[in-house]
Amino acid sequence: MKITFAQGVAMALSEALASDPNVLMIGSGFMGLSPSARDLLNPVLRDYPERIFVTPISELGLAGAAIGAAACGQRPVVDLGTGSFILEAFAQVANEAANIHYMTGGQTSVPATFYSLAGIRGAGAAQHSGRMQAMLGQVPGLQVLAPGAADDAYGLLKWALLESQNPSVFLSHSLLFDETSEIVAGAAMLPVGKARIRREGTDLSIIASSIMVARALAAADTLEREHGVSAEVVDLRTIVPLDRETIVKSVAKTGRVVIADECPLSFGVAAEVAATLAERALSHLKAPVLRLAVPDVPIPYSPPLEAELIVTAEKIAAGALRVLGR
Amino acid sequence: MPQELSLEELCRLYEQMCLIRLFEGQVQRLASTGEVPGFPHLSTGQEAVAVGVCANLSDDDMIFSSHRAHGHVIAKGSDPYAVLAEILGRQDGLCQGRGGSMHLVDAAKGVLGATGVVAGNVSLAAGAAWAAQLRGEGRIAAVFSGDGATGAGVFHETLNLASLWRLPLLLVCENNGYAEFTSREEHSNVAKVSTFAAPYAIPSRTVDGNDLLVVHEAAREAIGRVRNQEGPWLLECMTFRMAGHYVGDAQRYRSKEEMEAMKEKDPIVRLGRHLAGRGVPAQKLDGLMAGAKGRMEAIAERARKAARPDPATVLDYVYSAKLAAEEN
């Protein structure tokens, strides 16, 4: 069965609510502003009104309530809206949820999920275009899930809601809502913490996550079609845990790498991947690592300015050719 | 109907207050000799609030505390040895030395959270109360915070949520007149914290927090209502921090007169006077204090000798499931 990313999110919420009475939905704006995607949630809102909470705009309070409830056996998912708004809840997410299991010597755990629509989405400007995965990756104790495909969105969100024992941040992306993939009904849960080779290749590796996966795949198509280059696309799926082994293996095979990342360049996810390669795969590299990330600048409002910053499939293909010395 | 505490029960609470006072004394002593890593915050002078509130809670009820948690945790029933061992950073501590003075948690005793972030615990307690409500457990959550917490937005967000969802939550404000080093008059035009409850449709009461009998009775009534599913309550206890914000705080911002007046308000002295007035012999009260002293001295010596955590275990407990901890 083919599903869209938005359907994957809706299915995960619906199935999790159905299979575990402890699952709670705090807020109901999971689909952002997309009317068609919002319609997908209607059955959920209709079927589980007693476990879906309409809320005031109180990110700190809601995140905290979710943490306290999670420590007492519930499995809440909090809608934090646009990716940037995790900053409004940051004190509770980063300084309470992430630390509690450690600080208590393992006495309590916090299986809460913080959901947000990350990414540059088109005229969101500086305050509605947040990509916080690198910042969140600096918080030990959090799991950071950044799927780039519909089936992974479904699998990771369902896992976070039903199985995870730790606080998770699930980064959805409004520009991914219409991406489709096949899912097999009743298939086993995906192995969380494992990257996925989305396309095999031999000439270079493109490492990506979230929205960058679709663009990396498009770039790989172009590279093959127009330049006869065989690119391998590695989809990280989770930023924490980061599957360093798969990254290193892929680059050991291809010897060349482009890291595509929607975070600001400095101290980003791409930087962590590059550092891993420097430590573990330097002898395999036939060319320097190339990071393609967003320049270190607040995201501007005006479309031509915003477009200037976006890491597109074209930029990835061009970068790959540079790494290949062409 | 008010239930008169029996003399025997009152003596037990007196003893508990003495134990907390002496516990804090040991912490102060050990801190001054450099044996306490970090910067502990003492609750000396505020014992009546911890004891008066916790005496009305059942073992299943949950408490959340703050950076000034020692008294609350002991009053809720945690083993003072494990509390002191934690403050000393030892493996025998409540949290195996991972939390320390500001992060005392004893899940088995319903002590679910102390957080070093002012007001950071209020929303967590609301969440615990929420879970109890959803699960129909009949237990409640109580959260201790100082008046300083009212300056934080999350305090107000949580009052709104707790009222909206009618959570079984008791908010206990220990108004000791200081937000860290700043007096209430300097940080807010709102003298009483209970003033903040009414706008959120939460009932509240302000009481003398240095009178065990008053605190106990007010807490009994509030907890009864919270447990009766009437929604949250805010109990403000006007109290006095006899010690500084942290051990080593010279308190230059407090006048001599203020420090002198404080002695008259000492909750242990006041309860002692009450008990004496009701015919409890002085030697019995002295005996309770002496017994607590001996007990605390033994605990301190044992805790000082307790093993330190093995550095090889430093990465334990970052994640609770193996899956995510398996870095590759």
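Modeller: I'll start with two helices: A:Ala91, A:Gln92, A:Asn95 and A:Glu96 in H5(A) meet B:Gly120, B:Ser123 and B:Leu124 in H5(B). Ground rules: the model is predicted, local features need pLDDT of at least 70, side-chain atom pairs count only at pLDDT 80 or more, and totals for chains, interfaces and linings use all residues. Residues are numbered from 1 along each chain as its sequence is written, with chains lettered from A and ligands numbered from 1 in the order in which they are written.

Colleague: What makes residues "meet", and what makes a stretch a helix?

Modeller: Contact means C-beta atoms, placed from the backbone, within 7 Å. Helices (H or I, at least four residues) and strands (E, at least two) are DSSP runs, numbered from the N terminus.

Colleague: Which elements of chain A supply at least two residues each to the side that touches chain B?

Modeller: H4 (59-71), H5 and H9 (244-254) of chain A, and H4(A) gives the most, with nine residues. Overall, 39 residues of chain A are in contact with 38 residues of chain B.

Colleague: How do you know that the length of H8(A) agrees with a helix?

Modeller: The expected span is 1.5 Å times one less than the number of residues. H8 (residues 211-227) of chain A has 17 residues and should span 24 Å, and its end C-alpha atoms are 24 Å apart, so the two agree. Just after H8(A), A:Gly228 takes a positive phi of about 65°.

Colleague: What makes a residue in H8(A) buried?

Modeller: Buried takes 20 or more other C-beta atoms within 10 Å of its own (exposed is 12 or fewer, partly exposed in between), with C-beta atoms placed from the backbone. In H8(A), A:Ile211, A:Met212 and A:Leu223 are among those that pass. The buried residues of H8(A) pack against elements of chain A including E7, E9 (196-199) and H12 (313-323).
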